[in-house]
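Open the model in your viewer and keep the selection tool at hand. This tour moves from stop to stop and says what to look for at each.

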Amino acid sequence: MKANRRQFIGGAGALAAAGTLAAPAIAQAKPRVVVIGGGPGGATVAKYVARDAGGAIHVTLIEPLKEFVTCFHSNLYLGDFRPYDSITHGYSGLAKHGITLVHEAAALINPNTKTVRLTSGATLPFDRLVVAPGIDIKFDSVPGYSEKASEIMPHAWKPGPQTQLLKKQLDALDDGATIVMVAPPNPYRCPPGPYERVSMMAHVLKKKGHTKSKIIIIDPKANFSKQGLFSEGWEKHYPGMVEWQDPKMHGGLKEVDPSTMTVKTGLADYKAQLVNVIPAQMAGKIARDAGLANESGFCAIKPESMQSAKDPNIYVLGDASIAGDMPKSAFSANSQAKVAAMMIRGELAKSQTFPARYSNTCWSLIETDDTVKVGGRYEPKDGKIAAVETFVSKTGEDAELRKQNQAENMGWYQGISADIFS
Ligand code: FAD
């Protein structure tokens, strides 16, 4: 416990002290890696560089949150399949790897001076910087929506209070209620996530006997991840409760109006008791402000290393990056982080490196013990991260196989959480 306290630095005041302490550390001429963002991408890369370099590289992780609530499995929390506590993680487990944790936000990256300025004003120099801030929500991509409107019509696409608000609203509904989900356009975090969320909402309604309730999905896409599997599952478990509309059907989303709880489309105006708006997304502000993003709003990377296409001293991981065929998922971010950690140690500690290999699997729970999955292996090819092998569950599968998928899903969560946070 005492050792942990020495490794960890909390708040601006303590960081000022760290600033004065930084000089002797620099005198030791240890290479410095600074990581922005303590999610699956950032926390994993910080751990793997620090642990595997065995003290040869100084690693600082900048993350304002003291507790990280995972978006992954937040749908299972919504569906009453796991408690909120079980998707909440602290950072104390990372201390033993010798990481310096700074609980503040990074305010500015200066690639020329190779420094990061924190909100407190303190400046951290780096030899290599890893930028893994996740996504920002493009509130203005949905007419009528705003950050303020999200307090009434939650997006719950960033974890924490938004997820809890959505859960509270779901649990308070009466039978016969209408839920409208405005689904996001590509590319977005967790391609099957909105449709797993619909399944979990339907599960909660059905369990309460609220089978007269309805969930309408207004989708800007003509198709979606694991569509056949979800459609089959909704038909089987929640007949008549889920209605998916593509742009040809709804004729375009015109506006959401939080004051009347209405979603207006070319087809109809829907008055709802719960509206879940998931807008378009972009890389976190710190990455965009540093000029790391292109016109898509996300950051191009070199597929061999996860280095930014714009600056070889900066790596970009996870949802903020453009990772070719890899979806934006925690599994992907964790996999990319391990490649980046290996390359960074290769550059700064001359350790051996191997060609980049990535992997991903996304499980989705449709109803109790009915879980489907999609995934693949990926390698650098033709200038991008390309899928070299993919797999996806099939419709009409055996119930036992679907049950096994759910056991894998729960085991994966356990394993990846430990891998990221301890
Ligand atoms: P994040 O997890 O967003 O972490 C980024 C961190 O950076 C945050 O902690 C933030 O506080 C910090 N940060 C931002 N800006 C700054 C700054 N300026 N300074 C310092 N820190 C900063 N993935 C799966 O693999 N499996 C699933 O089943 C799954 N289910 C999902 C379900 C839902 C409903 C959602 C929304 C997502 C799901 N995902 C799933 C996706 C997964 O949560 C994300 O892909 C993953 O969290 C991305 O990791 P990241 O490290 O890139 O970003």
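Helices and strands here are DSSP runs, numbered from the N terminus: a helix has at least four residues, a strand at least two. With that in hand, select A29, in the loop between helix 2 (11-27) and strand 2 (32-36). Keep in mind that this is a predicted model.

**Stop 1**

Is A29 buried or exposed? Exposed means over 50% relative accessible area. A29 has 60% relative accessibility, so it counts as exposed.

**Stop 2**

Colour residues 2-136 and 282-353 as domain 1, then 140-279 as domain 2. Their C-alpha centres lie 32 Å apart. Look at where they touch: domain 1 gives 19 residues to the contact, and domain 2 gives 23 residues.

**Stop 3**

Select strand 7 (106-110), strand 8 (115-118) and strand 9 (123-125). These three strands form an open sheet in the order 7-8-9, with antiparallel pairing. Which strands stand at the edges? They are strand 7 and strand 9. Each has a single partner strand, so one side of each is left without a neighbour in the sheet. Neighbouring strands are turned by 20° against each other on average, direction ignored.

Zoom in on strands 7 and 8. Four bridges join them. Pick N110 and look across: T115 in strand 8 stands opposite. Strands of a sheet pair through backbone hydrogen bonds, either parallel or antiparallel.

**Stop 4: a cis peptide bond**

Go to P187, in the loop between strand 12 (178-182) and helix 6 (193-207). Show the backbone. The peptide bond from N186 to P187 is cis. Its omega is near -10°.

**Stop 5: helix 7**

Select residues 227-237, which make up helix 7. Its buried residues are L229, F230, G233, W234 and H237.

**Stop 6**

Which residues does W234 contact, leaving aside neighbours within four places in sequence? They are Y195, V198, S199, I217, F224, P239, V242, W244 and I366.

W234 also belongs to the largest nonpolar core, which has 122 residues. Together with V45, W234 has the most contacts inside that core. Next, select helix 10 (residues 330-349): this helix supplies the largest share of the core, ten residues. Each of domain 1 and domain 2 gives the core at least three residues.

**Stop 7: two positive phi angles**

Select K226, in the loop between strand 13 (214-218) and helix 7. K226 is not a glycine, yet its phi is positive, about 55°. Buried means under 20% relative accessible area. At 8% relative accessibility, K226 therefore counts as buried.

Finish at D382, in the loop between strand 24 (370-381) and strand 25 (384-392). D382 is not a glycine either, and its phi is about 50°. Is D382 buried or exposed? Its relative accessibility is 75%, so D382 counts as exposed.

Definitions and conventions
Residues numbered from 1 in each chain as written. Predicted model: local features only at pLDDT ≥ 70, side-chain atom pairs only at ≥ 80, totals over all residues. Heavy atoms only, no water. Buried < 20%, exposed > 50% of the residue type's maximum accessible area, 1.4 Å probe, protein only. Core = buried A, V, L, I, M, F, W, Y, C linked by side-chain atoms within 4.5 Å. Domains from an automatic or database assignment. Contact = heavy atoms within 4.5 Å. Pairing = 2+ DSSP bridges. Axes fitted to C-alpha atoms, helices over the stretch in contact; angles between N-to-C directions.
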